[in-house]
Amino acid sequence: MSLVVLATGGTGGHIYPAVATARELMGRGHETVLLGQRGGMEQRVAGEQGLAFHGVDAGKLARSGQGRPDPRELLKAVRGLGEARRFLQGAQPAAVVGYGGFASLPGVLAAQSLALPTVLHEQNARLGLTQRLAASRARAVGTAYPEVLGLSPEKATLVGMPVREERRPRQEALAALGLQPGRLTIFVMGGSQGSLALNNAVPDILRGLFGPEGRGPDSEVQVLHSTGPRWVEEVAPRVADLPWYKAVGYTDAVAAWAAADLGITRAGTGTLAEAAFHGVPLVMVPLPESAENHQFHNALSVQEAGAGRVVVQPEMEPALGGAVLECAAPGTRTAMRTAALSRSPAGAAGRLADLVERHLR
C-alpha cells in the first residue's frame, strides 16, 4: 500500500478533482492525504468527505496594484513551503499530485525539492502559473484538453477532468434538497465561491420570466441557487417572497446536479464536466476576467456540441431569459441532455490514477 499526497485547494475546480482522484486511489488500496491551505475550503471539504487532510500556509501569487507580488503573500508562500517540506519528509509519500492554484504550490514545490515524484493535473487549455513553476520537474502532466498551451506534448497525457462519479436517484435528490417533484428544476451556480454577477442578475430575470407562482410555458418551475457562502444573506431576502426559489450558500453538488433539469452557470472546466457527467444542459455566462478568456472558449465548445447556450455577461439582462426559455423547452432540453451525456468525463479519475501509479516510487 502506497501513500499519495494530493496538493490542492482554493476553489472547487481544484479541490473536487482531487477528491475524485483520492476516492479512486483509495479504491485501489492506496492511502491518500489532501494537502492544502490551513483553514481553506479544501479543509472543510476533506472533513465532509471523510478524507485525511494536512494544512499549511499558502500565499497567493497575484500581483498588487504596483505590479509586484504582495510581500505578505510571498512570506506565507515561503512559510508554507517549509511546513509542507517538513510534512513530506516525515510522511515519505510515493508521489505528490498537484492540481494547480496557489494552495497546491507549497506541496508540489516541497515534493520536488525532496526529489519525490510529482504528477500534475492541468484542467485548462493554457498552463496555469503555478503549474508552469512545477511542470519542468514533474514526471507527467494529466490534461483535460488534447492540447495545452505552454506544455510540451511529450509530457502531457490526456485524462479528462476528474469528477465525483456519483449519481443519486432524482426523487431522492429532490427530497434531500427540500425541492418538489414534478417541477422543472433550475440549478444556478457561479462556482464554489459563488458569482456576484449571477447573484445580482439571475433572481430578477427569473422572477420576470416565471412570476410569483413559478409558472413556465410548459411546466411549473423551481430554482436552487447556490450563491456562495458570503453572498447568501444578500440574495435570500430578495427571493423570500418566491416559494419556488431557494437560495443557499452552499449545496451538495451531486444531489443538485441529479435534481437539475437545467443549469445557469459560469464556464469553468469543473462545472462543465460535472454537468456533462449528469447530463444537464447549461445556460453559461463565462467569467469575462478568466485568463485568456478561457471560460468563453470552454462555453463555446459546449454550445457547439449542442449541450448548452452561451450568454456573455454584458448581455445578461436582455439575453439570459430567452436562453433559459429556449433550453427549458421539452424537446430542446431532451436533445441537449443527450449531447451533454456524450461529453461525459466518466473514467477521468481512473485515467489520472493510472498515470499516478505509473510514477510511484
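I counted secondary structure first: the chain has 14 helices and 13 strands, taken as DSSP runs numbered from the N terminus (H or I, at least four residues, for helices; E, at least two, for strands). I noted that this is a predicted model, where local features need pLDDT of at least 70, side-chain atom pairs count only at pLDDT 80 or more, and totals for chains, interfaces and linings use all residues. Residues are numbered from 1 along each chain as its sequence is written, and side-chain values use heavy atoms, with hydrogens and water left out.

Next I looked up overall size. The C-alpha trace spans about 60 × 45 × 35 Å along its principal axes.

Then I checked burial. I found that 56% of the 361 residues count as buried, meaning under 20% relative accessible area with a 1.4 Å probe, protein chains only.

Which residues touch the most other members of the largest nonpolar core? I got Leu 206, Ile 264, Val 283, Leu 320 and Val 324, in a core of 30 residues. Such a core is a set of buried Ala, Val, Leu, Ile, Met, Phe, Trp, Tyr and Cys residues joined through side-chain atoms within 4.5 Å. Among the elements that each supply at least two residues are strand S8 (184-189) and helix H12 (316-328). Helix H7 gives the most, with seven residues.

Last, I found a second, separate core of 27 residues, which includes Ala 173, Leu 224, Ala 258 and Leu 272.

How values were computed. Buried means under 20% relative accessible area, exposed over 50%, partly exposed in between (1.4 Å probe, protein chains only).
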